[in-house]
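Welcome! Please take a look at the model below, and then read on for a short tour of its cavities, strands and backbone details.

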Amino acid sequence: MPTNYAALLAAHTKKPLIVDEVEDRFADENEIVVKNAAVSVNRIDVAMQETPWGNFAYPLVLGTDVAGEVVEVGSQVSQFGVGDRVLGHALRLATEDDRHGAFQNYTVLMPNMACTIPQSLSYEKAVVLPLSVSTAAAALFQDKTLALQPPSVYPQKKGEWVIVMGATGSVGSNGVRLAAAAGYDVIATASPRSFDLAKQLGATLVVDYKSSKLVDDLVEALSGKIIAGAFDANGQEDTIKAAISAVSRCDGKKSVATVGDWIDPKWVPRDVKAVAIMAIDIRENEVSRMVYEDYLPNALAADKYMQYPEPLVFGEGLDSIQDAMEKSKDGKATAGKKVVVTIK
């Protein structure tokens, strides 16, 4: 294996990332090693550098989204082979093991958090998906969250509705696609200029997220319908409260899953369950295989998973990642896009 280099966070809040040689990466029996062709930048990467929430051992390797070619397969892994083109959710945040960080030439992945991609899908377009897919899946399919039925390339209608708040963001858009693929009708919140996009993603109905009577609009639209819960993909206090209020007034399953860090118990009526979710949770349960093994590779191969958001390729090579992280903070420039760096 050629020398491995990484873009290292050298110290607490240190900028820029430092590109340096690191240890070669090898797979344990239940892992694979990927030669990265592209990585993408997420808010959590920026937060780890600028506003870390704990005491970490430095230097460390950031990054959660990778796409590339499998170069080594552990002895207990059967679903991948050397040469496979894959996308994957790198789990350094869960394991605290730099082998599992994305911002390097070679990343070690858990096979249940990766999937093959077709030749028709570029690495740049594939790499925008993993963390957002994992986050949406954690909200929709875990027993402790909405516990929806599994997604399918050719789903059967369930006759139930799911609310998705923030439907055209990176995470919310995957929530719409996955809920629709599981056979649920989706009522989405989005800006009026994004209504068509939300419907292309799979939403049946869309309401204006800025409406002064958002909860009333959702409840009215869902009158006479059965809900299977709500997914708040924004995680702000107002959207968490709106999701809780809406499900409390609808018929069906009164459950809310949110990407928010914290839910005040005072916001939650007795008949509503509200749960804050983390994407990494699915690595330890059946949801990872449900999505990454049983559904996503087949959906991508059949061109049944809409390619969104668009990759905003911002540089080539590990030394471009710091600038890409800065670019990712420009909400106007990155609207409908996700910042990607190619790795040669």
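Helix H1 gives the most to the lining of the largest cavity, with 3 residues. This is a predicted model, in which local features need pLDDT of at least 70 and side-chain atom pairs count only at pLDDT 80 or more, while totals for chains, interfaces and linings use all residues. Residues are numbered from 1 along each chain as its sequence is written, and side-chain values use heavy atoms, with hydrogens and water left out.

**Cavities**

- A search of the whole structure finds 2 cavities of 30 Å³ or more; a cavity here is a set of points, on a 1 Å grid over the protein atoms alone, where a 1.4 Å probe fits but cannot get out, and its lining residues have an atom within 4 Å of a point.
- The largest cavity has a volume of about 50 Å³, where a volume is the space filled by probe spheres set on the grid points, which are joined across faces, edges and corners.
- Around the largest cavity stand Ile44, Asp45, Met48, Val61, Leu62, Gly63, Thr64, Arg92 and Leu93.
- Helix H1 (43–50) and helix H2 (92–95) are the elements that give two or more residues to this lining; helices (H or I, at least four residues) and strands (E, at least two) are DSSP runs, numbered from the N terminus.
- By class, the largest cavity's lining has 5 nonpolar, 2 polar and 2 charged residues, with Ala, Val, Leu, Ile, Met, Phe, Trp, Tyr, Cys and Pro counted as nonpolar, Asp, Glu, Lys and Arg as charged, and the others, Gly among them, as polar.
- The second largest cavity holds about 40 Å³ of space, and its lining is made up of Lys125, Val128, Leu129, Gln307, Tyr308, Pro309, Glu310 and Pro311.

**Strand pairs and crossovers**

- Strands E16 (residues 310–316) and E17 (residues 337–342) pair in the parallel sense over 5 bridges; two strands pair if DSSP finds at least two bridges between them.
- Leu312 stands opposite Val339 in E17.
- From E16 the chain passes through helix H10 (residues 321–328) to E17 in a right-handed β-α-β crossover, meaning that, with the strands pointing away from the viewer, the path from the first strand over the helix to the second runs clockwise.
- Strands E10 (residues 185–190) and E11 (residues 205–208) pair in the parallel sense over 4 bridges, with Ala190 opposite Asp208 in E11.
- The crossover from E10 to E11 runs through helix H6 (residues 195–201) and is right-handed.

**A closer look at Ala6**

- Ala6 sits in strand E1 (residues 4–9).
- Ala6 counts as buried because its relative accessibility is 0%; buried means under 20% relative accessible area, exposed over 50%, and partly exposed in between (1.4 Å probe, protein chains only).
- Leaving aside residues up to four places away in sequence, Ala6 touches Ile18, Val19, Asp20, Val22, Val61, Phe103, Gln104 and Leu318, where contact means heavy atoms within 4.5 Å.

**Backbone details to look for**

- Tyr58 and Pro59 are joined by a cis peptide bond with omega about -5°, and Pro59 lies in the loop between H1 and strand E4 (60–61).
- A cis peptide bond also joins Tyr308 and Pro309, with omega about -5°; Pro309 is in the loop between helix H9 (286–301) and E16.
- Thr13, in the loop between E1 and strand E2 (18–22), has phi near 60°, a positive value in a residue other than glycine.
- Thr13 counts as partly exposed because its relative accessibility is 35%.
- Asp303, in the loop between H9 and E16, has a positive phi near 55°, and at 59% relative accessibility Asp303 counts as exposed.

Note on methods
1 Å grid on protein atoms, 1.4 Å probe; cavity = no way out; pocket = protein on both sides within 12 Å on 5 of 7 lines; lining within 4 Å.
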